[in-house]
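Hi,

Here is the structure I promised to pass on.

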Amino acid sequence: MLPHAADDISRDGKSLILAYDHGLEHGPVDFEPNPDTADPERIFELATHEAVTSLAVQKGLAEAYYPDYEDEVNLLLKLNGTSNLWRGEPNSAVNCTAEYAAELGADAVGFTVYGGSNHEVAMAEEFRDAQEGAREHDMAVVMWSYPRGQGLRNDASPDVISYGARLGLELGADVVKVKYPGSAEAMGDAVEMAGPADVVMSGGTMRDDEAFLRNVSNAIDAGATGIAVGRNVFQRDEPERILDALEAVIFQESDPAEALAVAESDD
Ligand SMILES: O=P(O)(O)OC[C@H]1O[C@](O)(COP(=O)(O)O)[C@@H](O)[C@@H]1O
């Protein structure tokens, strides 16, 4: 972990990572609630919203779209990822090297590690190559730390999330992306375990705007530096409106209800 390595993908120490690797990880089903979002152009446009500090995509989308957005969007290139068609123990193919990510203009690289999976050892070794490659090119390292597999029955329990946060620190991530463990207190513990590494809360699908923003606000109060969010933004009818509200909650630490009211009145 290097001092301020994540500066290129944050603003005033806070970050909103717009995640859009779902076409690979989950498939077209994730675009059904808002069919326009199957078009990557729609999401690259969305990533120019002021609230967004980086856009996480796989190599293919970066190659096809990033050249038109490199002045407006910070690129977080996801180096591994696997489709939902895969039915084995959690694992993730390495689809891109850190070197090629740098060539594509990435500001940061992203890498999933499934601690607890039968494939943990191989994934940690692959992460080593990605992390050291990123250091050579001054790119920040974001770990999607999702313990799961084998005997892990509850991958969102507070102790498992805290362990996931710690894995990020131990293995050299600058930012660790963890699922929300259900309370501000549990998030605070995860933040403590991550030490100097930033912790961002990972999304899911919550239809209730205020409840979603309340979780984000709790995470920020607990010391998280932001959020990595996909479906909770692009599956909404008005993704820009929830980004307006997220901007207020994350960067101005506004109350969720007030942030929503302001976002409504801006329409
Ligand atoms: O492995 P899971 O839990 O299905 O989720 C993986 C997805 O979740 C994310 O980490 C966050 O996306 P969401 O905000 O839509 O949950 C994506 O980057 C990734 O595609």
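By class, the shell around the ligand has four nonpolar, six polar and three charged residues (Ala, Val, Leu, Ile, Met, Phe, Trp, Tyr, Cys and Pro count as nonpolar, Asp, Glu, Lys and Arg as charged, and the others, Gly among them, as polar). The shell is made of 13 residues, and the closest are Ala19, Glu25, Gly203, Gly230 and Arg231; a residue is taken as near a molecule if its C-beta atom, placed from the backbone, lies within 6 Å of it. Helix H1 (22–25), strand S10 (226–229) and helix H9 (231–234) each give at least two residues to this shell. Helices (H or I, at least four residues) and strands (E, at least two) are DSSP runs, numbered from the N terminus.

Before you go further: this is a predicted model, so local features need pLDDT of at least 70 and side-chain atom pairs count only at pLDDT 80 or more, while totals for chains, interfaces and linings use all residues. Residues are numbered from 1 along each chain as its sequence is written.

Now the barrel. Eight strands close up in the order S1-S2-S3-S6-S7-S8-S9-S10, with parallel pairing (two strands pair if DSSP finds at least two bridges between them). On average, neighbouring strands of this sheet are turned by 25° against each other, direction ignored. Take S8 (residues 175–179) and S9 (residues 198–202): they run parallel and are joined by five bridges, and Val175 has Asp198 as its bridge partner in S9.

Helix H5 (residues 120–136) lies across strands S6 (108–113) and S7 (140–145), at about 170° to S6. Axes here are lines fitted to C-alpha atoms, for helices over the stretch in contact, and angles run from 0 to 180 degrees between N-to-C directions. Contact means C-beta atoms, placed from the backbone, within 7 Å.

On to the helix pairs. H6 (residues 158–171) and H7 (residues 184–193) pack at about 25°, with their axes 7 Å apart. H6 and H7 are therefore roughly parallel to each other (under 35 degrees is roughly parallel, over 145 roughly antiparallel, 65 to 115 roughly perpendicular, and the rest oblique). From H6, Pro158, Ile161, Ser162, Ala165 and Arg166 meet Ala186, Asp189, Ala190 and Met193 of H7. That contact divides into six nonpolar, one polar and two charged residues.

What angle do H10 (residues 239–251) and H11 (residues 256–265) pack at? It is about 140°, with the axes 8 Å apart, which makes H10 oblique to H11. Arg241, Asp244, Ala245, Ala248 and Val249 of H10 make the contact with Pro256, Ala259, Leu260, Val262 and Ala263 of H11. By class there are eight nonpolar, no polar and two charged residues in it.

H10 also packs with H8 (residues 209–221), at about 30° and with the axes 10 Å apart, so H8 is roughly parallel to H10. Here Asp209, Leu213, Val216, Ser217 and Ile220 of H8 contact Ile242, Ala245, Leu246, Val249 and Ile250 of H10. This contact splits into eight nonpolar, one polar and one charged.

Cheers

Terms used. Two residues are in contact if their C-beta atoms, placed from the backbone, lie within 7 Å.
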